[in-house]
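Reader: Hi! Could you walk me through some side-chain packing here? I'd like to start with one residue and go on from there.

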Amino acid sequence: MEELTFNQQNLFAHVFNYSPVGIVLISLDGQWIDVNPAACQLLGYERNELMKCDPEKLIFSSVESNHEIYFKQLLQGDISTFSFEKRHVHQNETVVWTSVHVSFVREGAEGEPWYFIAQIVDITSNKMIEQKLQETVERYTSLKKYNHDTIISFDLQGKIMNGNVMAEHLIGQKISDLIGTSIASIIGEDTLVRILADNEPYTDIEGSINHVPNVNGYLVEVLVTIAPIIVNNRSIGFYLLIKDITEQKKLLIEKEAAERTNEVKSEFMAIMSHEIRTPMNGVIGMTDLLLDTPLDEEQQEYVSIIRKSGDTLLAIINDILDFSKVESGNTELSEEPFKLSEAIAETFDTLMPKALEKKLTLNVSIHPDIPHKVIGDPLKIRQILMNLIGNAIKFTPEGSITVSIDKAEIAGDKIQFYFSVEDTGIGVPADKRAFLFEPFYQADHFMVRQAGGTGLGLAITRKLIELMDGEIYCEPNPGGGTIFKFNIALKVESLPDVMHLEADHGQLPDPNDKLNILIAEDNHINQLVLIRMVEKLGFRPDAVSNGSEVLEAIQKKKYDILFMDIQMPVMNGLEATKHLRQMLRSDELPHIVAVTANALVGDRERFISAGMHEYISKPLHNAAVSSVIQRFIDSKAFQTKTLK
């Protein structure tokens, strides 16, 4: 008997010390008696640390208020064991899920209880699988419940297994009534046979299902997707995803009808304009011949009226023809070299007689640094200027009209030219400006109709400007009258030539001052422009395309000045500046100059507070770049002098 007891003790000691299951012994008054190595490892404590913890909190806290009931039932012998799951946070901050089984160690089978024994099993992997399965079920349930399309599942016998609420709306039956019935009632017997045969791509079968029946006797137009249901690498059925396209089909038909109506309207207007223009040319031509014949004063007056009326009618027809071409998308832009100054001069030559009749002064102002040779459509540009200047003459009783090109800036591989046409006329009321560029609208609609026209001139002008990647708007002239401002994109022979606007011919940096300059700019054209500017000042800069490349370049070479574009891919200028501030000491940091198209109030302060030293806005001018470099040289010289 003593030998058996000895063997039992050895067996218990072996199991206690080497079992992969955590075992803890707790006295009846809730104190630790012993814990095995597996429990320490599982809970993330050394044995001496674990023995200092409160067993109540560490082991039984997840049982909440029920644990007292379980312990009472255990003491009374109503239950022999109870178990629960517990979530622990390991000391390495990983989450450990355990299953805890609690029972008594008694004196004999029915004897007095000596102490509690809790066996702790690691169920983390099972719990993770369970949670992922639960998440999958919840995602599927949510997808099925809230999907705007019909979802129906059916098995390999073609029997419907389930469906969502949208299926009830589409078919007109409750899902409970559909379950167990054949999917063939929805997609047809032949289609079901093709799906179950699995001999052809599902996409071919999907294309053959264009309608599904509703119990109320009508067919619903649909798009269908078929997807197999795979469980444990085995197909158990199919999902049928059905999109009701009835409304989309209606909208598509209405859209096509509207587009066709617009095309027919434009074609009709173009045909009618051409048809009317032919006899009108005859009327005007014969009127000219008649004016060259001997006429008395009364006849001369009548023929002159006919001629003016003919010219007016022909101008209206031309407007309608131009507008119909633009609306129908038949207007194409040509590309040929020409001079902007000549296009403006030719427009002035055409309109000068009308201006002289009203004793108006025509002025032109072109900034000296604007490129004169451009590549574009000179006829369309003259048409834009004719419409705007002609309008200004029409609504200016006295005073002047001024056409100017104020500036130009790079826009990709083109140049944006900024025009303005300013008059001293009657002006446009503020509440009418929003409608000026609408077809057939006339600003003097509610006033005395002093001037004729179709109201299409400005609408055509806006369309032509938009074709040239520009925009137009109207604003009041402070001195009385109206200012029309617009911009258009044109090509030029040499992009860097544009950057001479408002050049400051003051002090230039001395290239003998050896400076290492880095340019960070992702736009190739803008990068080239800035490189050329710096090179013209006598320096040889390096260039990169994003903030990440800036950090790499700085580690390889010390730079004095860094021109940093704000908006760049991979890493923008603000992020790069932040990293540089963290990487380098203040005396190693280059002079960072923010280069950006943002020129709003507060931008400069924002960039300076982000760690940059200076800020210049696009479009860049030679003067601005030169000034930045000169200020840096002056500052460097001052610091050197101070240190001495």
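**Side chains and packing**

Author: Happy to. Glu-409 has its place in strand β14 (residues 400-411). Keep in mind that this is a predicted model.

Reader: Is Glu-409 buried or exposed?

Author: Glu-409 counts as buried, because its relative accessibility is 18% and the cut-off for buried is under 20%.

Reader: And what does the side chain of Glu-409 make a polar contact with?

Author: With the side chain of Tyr-418, at 2.8 Å.

Reader: Switching to aromatics: how many aromatic pairs are there?

Author: The count comes to 6 aromatic pairs. In one of them, the ring centres of Phe-104 and Phe-116 are 4.5 Å apart with the planes at 25°, so this pair is stacked; planes under 30 degrees apart count that way.

Reader: Nice. Where do Phe-104 and Phe-116 lie?

Author: Phe-104 is in strand β4 (residues 95-106) and Phe-116 is in strand β5 (residues 113-122), so the pair ties together parts 12 residues apart in sequence. Phe-104 counts as buried at 11% relative accessibility, and Phe-116 is buried too, with a relative accessible area of 9%.

Reader: What about the rings of Phe-419 and Phe-486?

Author: Their centres are 4.7 Å apart and their planes at 10°, so Phe-419 and Phe-486 are stacked. Since Phe-419 lies in strand β15 (residues 414-423) and Phe-486 in strand β17 (residues 482-492), the pair ties together parts that are 67 residues apart in sequence. Phe-419 and Phe-486 are both buried.

Reader: Which residues do ring pairs link into a cluster?

Author: Phe-154, Tyr-202 and Phe-238.

Reader: And what lies over the face of Trp-97?

Author: That's Lys-127, at 4.7 Å from the ring centre.

Reader: Now the largest nonpolar core. Which residues touch the most other members?

Author: The core has 63 residues, and those touching the most other members are Ile-389, Phe-417, Phe-486, Phe-563, Val-625 and Ile-629. Helix α15 (residues 378-394) gives the most to this core, with 7 residues.

Reader: Let's pick Phe-563. Leaving aside neighbours within four places in sequence, which residues is Phe-563 in contact with?

Author: Among them are Ile-517, Leu-518, Leu-530, Val-593, Ile-616, Val-625 and Ile-629.

Reader: Which residues does the second, separate core include?

Author: That core has 25 residues, including Leu-170, Ile-171, Tyr-202 and Ile-226. Tyr-202 also belongs to the ring cluster with Phe-154 and Phe-238.

Note on methods. Residues numbered from 1 in each chain as written. Predicted model: local features only at pLDDT ≥ 70, side-chain atom pairs only at ≥ 80, totals over all residues. Heavy atoms only, no water. Phe/Tyr/Trp six-rings, centres within 6.5 Å; stacked < 30°, edge-to-face > 60°. Helix = DSSP H or I, 4+ residues; strand = E, 2+ residues; numbered from the N terminus. Buried < 20%, exposed > 50% of the residue type's maximum accessible area, 1.4 Å probe, protein only. Lys NZ or Arg CZ within 6 Å of the ring centre and 35° of its normal. Polar contact = N/O pair within 3.5 Å; in protein donor to acceptor, adjacent residues only side chain to side chain. Core = buried A, V, L, I, M, F, W, Y, C linked by side-chain atoms within 4.5 Å. Contact = heavy atoms within 4.5 Å.
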